[in-house]
Amino acid sequence: MDSSSDAVSSAEAALHDRPIGSPDRAWALYELAKAHQARYSAQGSRGDLELARNLYIEAIEHESDSVKKARYLNNLGTVYQLRYDFEGNEVDLDAFVEYTRQATIHIASELRPAVLKNYANALQARYNHRGDPSDLDSCIEINQDALNLSSASRPALCCNLCGALTTRYAVSHAQSDLDKALEVGSEAVFSTDNEYPLRALFLDNYANALYAKYGSTNSASDLESSIEYGWEAMKMAQEQGLPGLSGMSANLAGSLASRFKIYRRKSDLDDAVDLFTLAADTIDPQHPSFEKCLASKGNALRMRFEELGLESDLKLAVDVCTRAVNLRLSEVHIQAQSRDALGNALLRQYEFSGLPDTLDEAVSMYKQALHCATSSAFAAEIWHNLGTALQARFELRGALEELDGAEEAIRNALECSSEELPGYASSLAALGNVLVRKFERLDLPDALDQAISSYEEALGKTSETDRTRAGRLTCLGLALQIRYELAGSNTDFQNAVEQCQISVDISQEEPNHYLCLVNLGNCFLRHVVRESSEKDLEYLNQSIAHLELAADTMPKDFSIRGMCLNNLGKAYELRHEKKEQHYDFNKARTYYEMALEL
């Protein structure tokens, strides 16, 4: 018989000596309940947990001492927490909150910090399940009250407060919440050493706060620190067999996926996928957090497909996100995340396969996600994605209402977002794309002017090191070229050349560098076609050089290859007209023939 079973036997004997009516019977019931609860923790028998619950309830019914009863209530709340962790039943979650709340009323002063901490944990858990801001606000207030008590054990309370404040910051974006989270998270980590129980949780919560700071500062050092503490937390939890490994894995995976977006290191993305897989494999499939984990894994797989082009990653991303959506276990804001993730995967699948039904499913997912979104910042992301999908549907079917819907969605994204968020610049650029297409479809000069303004504002909010900068410069250059063709402003032409040249210069190592080359080559060609000048020959030489380099480096089956080859033929034809060299005539004919073959 192990020690936990010995404790149960001893407590049973003690209860036997205290028959009904005995003044100490309630305490004996409490001791026996604790023994069964301890054996459940050691052996995992659900029977022990149910016995503990029933014994605590009986002890509460028989206890007249309110201080002792507060202890029983607190422990009963913990039993419901364990039941909730196992089954994810929100009835148990409500019981966890209610019994720990009752415990705080009469608990002895020396136990008050621990009981307040337990009550705050219950509120945090319920917030995580339902997303009710009042639960999170109460959780933070109670943690702060507990920290103000002289008898408080500060590290654990600081850790919990750090986690709650970081969670609220993700919704409120209140800098005071993040500053306080970093302050108390730092205290929890730096006031303990590696021998301190549950220090891995302190490291994990502090890592999350640093990751939130990175989201507001875009400082690589904040992200690096977050990852460093995240790995340390993972290592310690694995070595000590601590709980919460799945959550730590998912948190660290999210940070690694963000670092991949900066440095494009495949190892970061592979680690993120592996960690999300570890988290998904260790979370109870019936627990609400399982849905979020699957959606995050799907996002990482989709990103890896975008980087490497492995169809197996895209297929698995769609499968994993579909599974997340079908669970319907979580609070609505997690359901929004899973539907947005599936929409993103389906949109990539449409781009890969060209199947219209896949695009329609992506649009449907984004619309469902919007109904579930509780955060304006996340709603902005979904509106942006919906706008992108609706524009793709316009390109597919040509229906003007799709383009109008895309413009409305992206303007909603800008309205829901704020200028300091990274997604704001992306939505400005997306709005520019829609407005250019609107100009082309309806011949509205105002739409083109607005597009150029949107691109310029987006670039003003895009850092010099952002990998999207080259693409945004290319879009601005193209819009300026179109306006030059329309109005003939030499200023627009010179600005277009400048933007396109910068995009070529900064995209040397990018896989789509050829797109920047095509745009710059076309820019010079447009000027020669529109008007004659003493620089025509120079411009034609520039056009040919850039278009030939683009044709040599772009994929043979790329969609605009035919256009590139045709424009090369045109450039050689125009140069032949000016120089009358047979070489140019032959090159023009060759490129025209190659374009026709496509």
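A crossing of two helices is left-handed if the near helix is turned anticlockwise from the far one by less than a right angle. Keep that in mind as you explore this predicted model.

**First stop: H10 and H12.** Select residues 199-217 for helix H10 and residues 245-263 for helix H12. Their axes lie 10 Å apart and pack at an angle of about 30°. Angles under 35 degrees count as roughly parallel, so H10 is roughly parallel to H12. Their crossing is left-handed. Now show the side chains where they meet: on H10, pick Ala200, Leu201, Asp204, Asn208, Tyr211 and Tyr214; on H12, pick Met248, Asn251, Gly254, Ser255, Ser258 and Ile262. Colour this contact by type and you will find 6 nonpolar residues, 5 polar and 1 charged.

Select arginine 259 and glutamate 224, whose side chains meet in a salt bridge at 2.8 Å, N to O. Arginine 259 sits in helix H12 and glutamate 224 in helix H11 (residues 220-240), 35 residues apart. Arginine 259 counts as buried, at 11% relative accessibility, whereas glutamate 224 is partly exposed, at 30%.

**Then: lysine 213 and aspartate 222.** Here the salt bridge spans 3.6 Å, N to O. Lysine 213 is partly exposed at 29%, while aspartate 222 is buried at 8%.

**Further along: H17 and H18.** Aspartate 360 and arginine 397 form a salt bridge, with their closest N and O atoms 3.0 Å apart. This pair links helix H17 (residues 356-372) to helix H18 (residues 376-397).

**Last stop: a network.** Select Arg46, Glu50, Arg53, Arg83, Glu87 and Asp92, which salt bridges with shared partners join into one network.

Methods
Residues numbered from 1 in each chain as written. Predicted model: local features only at pLDDT ≥ 70, side-chain atom pairs only at ≥ 80, totals over all residues. Heavy atoms only, no water. Axes fitted to C-alpha atoms, helices over the stretch in contact; angles between N-to-C directions. Helix = DSSP H or I, 4+ residues; strand = E, 2+ residues; numbered from the N terminus. Parallel < 35°, antiparallel > 145°, perpendicular 65-115°, else oblique. Contact = heavy atoms within 4.5 Å. Nonpolar A, V, L, I, M, F, W, Y, C, P; charged D, E, K, R; others polar. Salt bridge = Lys/Arg side-chain N within 4 Å of Asp/Glu carboxyl O. Buried < 20%, exposed > 50% of the residue type's maximum accessible area, 1.4 Å probe, protein only.
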